[in-house]
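Student: Hey, I've got a model open and I'd like to go through it with you. Can we look at it together?

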Amino acid sequence: MNIAILLSGGQGTRLGGSIPKQYMEVAGKPIIAFSLRTFEKHRQVDAIVVVAAEEWKNFIKDLVDREQIKKFAGFADAGSSRQHSILNGLRKAYEIGAADPDKVIIHDAARPNVTDAIIEACIDGLTEADGVMPALPLKDTVYMSEDGRMIQSLLNRDFLYAGQAPESFALGKYYAIQKDMTEEDLGKVRGSSEVAFRNKLKVKIVPGDEHNYKITTMTDLNKFKSEMEDK
């Protein structure tokens with residue numbers, strides 16, 4: 001099985017507004033609907049698990065019914081951090097019948113422009129690695145500053161990449177390194193592939209897509225709205 005875990009538990013505090021960004025409407029649909037449809041239609045995805053806060057589950061269930069998301073396999077509870085939510089999603093994958101040899105592909109509901117090509121690259125890449133992450137090479141010169149005031153060092157951008165989502169993993173290996181982690185350690189994780197890399201899993205990079213941005217700021221939201229108006 002290839003199980004998609006769609007993370008929709010964030011509160012979107014940086015964007016502001018009365019509701020989390022993934023539930024805001026663009027072109028007549030909540031933002032989460034766009035990635036839901038893409039995973040639903042993808043030939044390699046067998047099941048979709050949505051990680052969400054309790055108060056939004058009925059909203060999502062109505063959306064699933066309305067959009068005819070037949071691969072929807074259930075909810076996992078949102079955790080206190082992104083990685084807590086991922087771990088809950090992994091546990092739900094086992095509950096719906098997944099096994100250690102299966103694959104999971106983890107995506108953010110606030111990243112609506114995911115493409116079939118990226119999903120395929122993430123799943124196919126697991127034939128030669130334990131994890132796969134789409135990434136973009138950095139264009140700007142990158143500096144390091146520990147205090148945010150003075151430059152301490154210059155980093156070589158030729159070797160630096162900006163990670164995107166979705167990220168895919170061999171389910172058994174990825175779950176094994178997290179199931180016994182403490183709440184504190186899970187809360188320190190900043191990226192899905194970070195915990196894999198730190199635990200010696202082999203993570204492959206595949207080409208990302210600049211259009212596959214995450215809606216984080218009002219500028220991002222307005223950009224997506226403009227794109228949808230042009231279609």
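Student: Okay, first thing. Leaving aside its neighbours within four places in sequence, which residues is Leu136 in contact with?

Tutor: Leu136 is in contact with Leu160, Tyr161, Ala162, Gln164, Gly208, Asp209 and Glu210, once neighbours within four places in sequence are left aside. Contact here means heavy atoms within 4.5 Å. Before we go on, this is a predicted model, where local features need pLDDT of at least 70, side-chain atom pairs count only at pLDDT 80 or more, and totals for chains, interfaces and linings use all residues. Residues are numbered from 1 along each chain as its sequence is written, and side-chain values use heavy atoms, with hydrogens and water left out.

Student: Got it. Where does Leu136 lie?

Tutor: Leu136 lies in strand β7, residues 131-137. Helices (H or I, at least four residues) and strands (E, at least two) are DSSP runs, numbered from the N terminus. Leu136 and Asn88 are 48 residues apart in sequence and 28 Å apart in space, C-alpha to C-alpha.

Student: Switching to the inside. Which residues touch the most other members of the largest nonpolar core?

Tutor: Those are Ile32, Leu36, Phe39, Ile48, Val50 and Ile60, out of 29 residues in that core. A nonpolar core is a set of buried Ala, Val, Leu, Ile, Met, Phe, Trp, Tyr and Cys residues joined through side-chain atoms within 4.5 Å. Buried means under 20% relative accessible area, exposed over 50%, and partly exposed in between, using a 1.4 Å probe and protein chains only.

Student: And which elements give two or more residues to this core?

Tutor: β1 (2-8), α1 (32-41), β4 (47-52), α2 (57-66), β5 (72-77) and α4 (116-124) do. Apart from this core lies another one of 23 residues, among them Leu7, Ala93, Leu171 and Val195.

Student: What about α3, how many residues has it got?

Tutor: Helix α3 covers residues 82-95, which is 14 residues. From its first C-alpha to its last it reaches 20 Å, close to the 20 Å expected at 1.5 Å a residue. That expected span is 1.5 Å times one less than the number of residues in the helix. α3 is followed by Gly97, whose phi is positive, near 110°.

Student: Is Gly89 buried or exposed?

Tutor: Gly89 is buried, with a relative accessible area of 0%. Gly89 lies in α3, and it touches Ile5, Val49, Val51 and Ala76, not counting residues up to four places away in sequence. Other buried residues of α3 include Gln83, His84 and Leu90.

Student: And Ser192, buried or exposed?

Tutor: Ser192 is buried, also at a relative accessible area of 0%. Ser192 is found in helix α7, and its contacts beyond four places in sequence are Arg82, Gln83, Ile86, Ile106, Glu167, Phe169 and Tyr174.

Student: What's up with the phi of Ala27?

Tutor: The phi of Ala27 is near 55°, a positive value in a residue other than glycine. Ala27 lies in the loop between β2 (25-26) and β3 (29-30), and it is exposed, with a relative accessible area of 60%. Gln68 has a positive phi of about 55° as well, although it is not a glycine. You'll find Gln68 in the loop between α2 and β5, exposed at 53%.

Student: Last one: what is the peptide bond from Ala165 to Pro166?

Tutor: That bond is cis, with omega near 10°. Pro166 is in the loop between β10 (161-163) and β11 (167-170).
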